[in-house]
Amino acid sequence: MTRVPRSALLLGLAGLIPFVWSALTELQPDLADWGARTLGPRFVGPYVGLAYGTVILSFMSGVLWGFATKTSGREAFTGYALSVIPALWAFFFVGGGPTSSAIYLAAGFAGLLALDWNFWSHGLAPEWWMRLRIPLTAVVLACLSVTILA
């Protein structure tokens with residue numbers, strides 16, 4: 001695999017901030033209190049992580065759709081069909097209580113990683129794609145596990 005482009009790495013890491021903030025404010029009540037007073041209650045604890053996770057899972061459907069545009073015919077149809085799964089997953093399964101939503105989001109991100117690998121292994125994603133996606137997904141799953149185990 002080639003090296004992850006610096007811009008993709010930096011933006012990918014920056015995209016982890018809401019997940020990490022969510023986990024930290026679940027683990028540190030004083031930080032959660034400060035965050036709720038400063039940013040508002042929806043920007044701390046599970047609320048921020050679950051809302052942001054839903055957005056990102058849907059966003060990643062668009063990324064996969066872009067990969068599918070590199071194909072044609074039956075392969076394109078399959079790629080487009082697979083690419084909408086993360087967004088539909090978030091739409092249909094995320095939205096109950098925090099624990100069930102976090103479980104479904106975690107499953108969605110694990111499934112997304114499998115889809116990432118599928119597109120990558122067919123040469124549709126950049127050569128460095130999995131080098132970026134695996135660690136980002138690991139952090140997301142670790143952060144969601146805080147909500148699941150809370």
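**Close-up 1. Helices H7 and H8 pack at an angle of about 170° in this predicted model.** The axes of H7 (residues 98-121) and H8 lie 9 Å apart. Because an angle over 145 degrees counts as roughly antiparallel, that is how H7 and H8 run relative to each other. Look along their contact and you will find 18 nonpolar, three polar and two charged residues.

**Close-up 2. The largest pocket has a volume of about 350 Å³.** Its lining is made of 19 residues, and those closest to the centre are Gly12, Phe59, Met60, Arg133 and Leu136. Helices H1 (6-14), H4 (45-68) and H8 (129-149) each contribute at least two lining residues, with H8 giving the largest share, six. Sorted by class, the lining holds 15 nonpolar, three polar and one charged residues.

**Close-up 3. Phe19 and Tyr52 form an edge-to-face pair, one of eleven aromatic pairs in the model.** Their ring centres are 5.2 Å apart and the planes meet at 65°. Phe19 belongs to helix H2 (residues 17-27) and Tyr52 to helix H4, so the pair ties together parts 33 residues apart in sequence. Phe19 is buried, at 3% relative accessibility, while Tyr52 is partly exposed, at 22%.

**Close-up 4. Trp89 and Phe93 make a tilted aromatic pair.** Here the distance is 4.3 Å centre to centre, with 40° between the planes. Both residues sit in helix H6 (residues 85-93), four residues apart, or about one turn of the helix. Trp89 is partly exposed at 27% relative accessible area, and Phe93 is partly exposed at 37% relative accessibility.

**Close-up 5. Four aromatic residues gather in one cluster.** Its members are Phe67, Phe119, Trp128 and Trp129.

Note on methods. Residues numbered from 1 in each chain as written. Predicted model: local features only at pLDDT ≥ 70, side-chain atom pairs only at ≥ 80, totals over all residues. Heavy atoms only, no water. 1 Å grid on protein atoms, 1.4 Å probe; cavity = no way out; pocket = protein on both sides within 12 Å on 5 of 7 lines; lining within 4 Å. Points joined across faces, edges and corners; volume = space filled by probe spheres on them. Nonpolar A, V, L, I, M, F, W, Y, C, P; charged D, E, K, R; others polar. Axes fitted to C-alpha atoms, helices over the stretch in contact; angles between N-to-C directions. Parallel < 35°, antiparallel > 145°, perpendicular 65-115°, else oblique. Phe/Tyr/Trp six-rings, centres within 6.5 Å; stacked < 30°, edge-to-face > 60°. Buried < 20%, exposed > 50% of the residue type's maximum accessible area, 1.4 Å probe, protein only.
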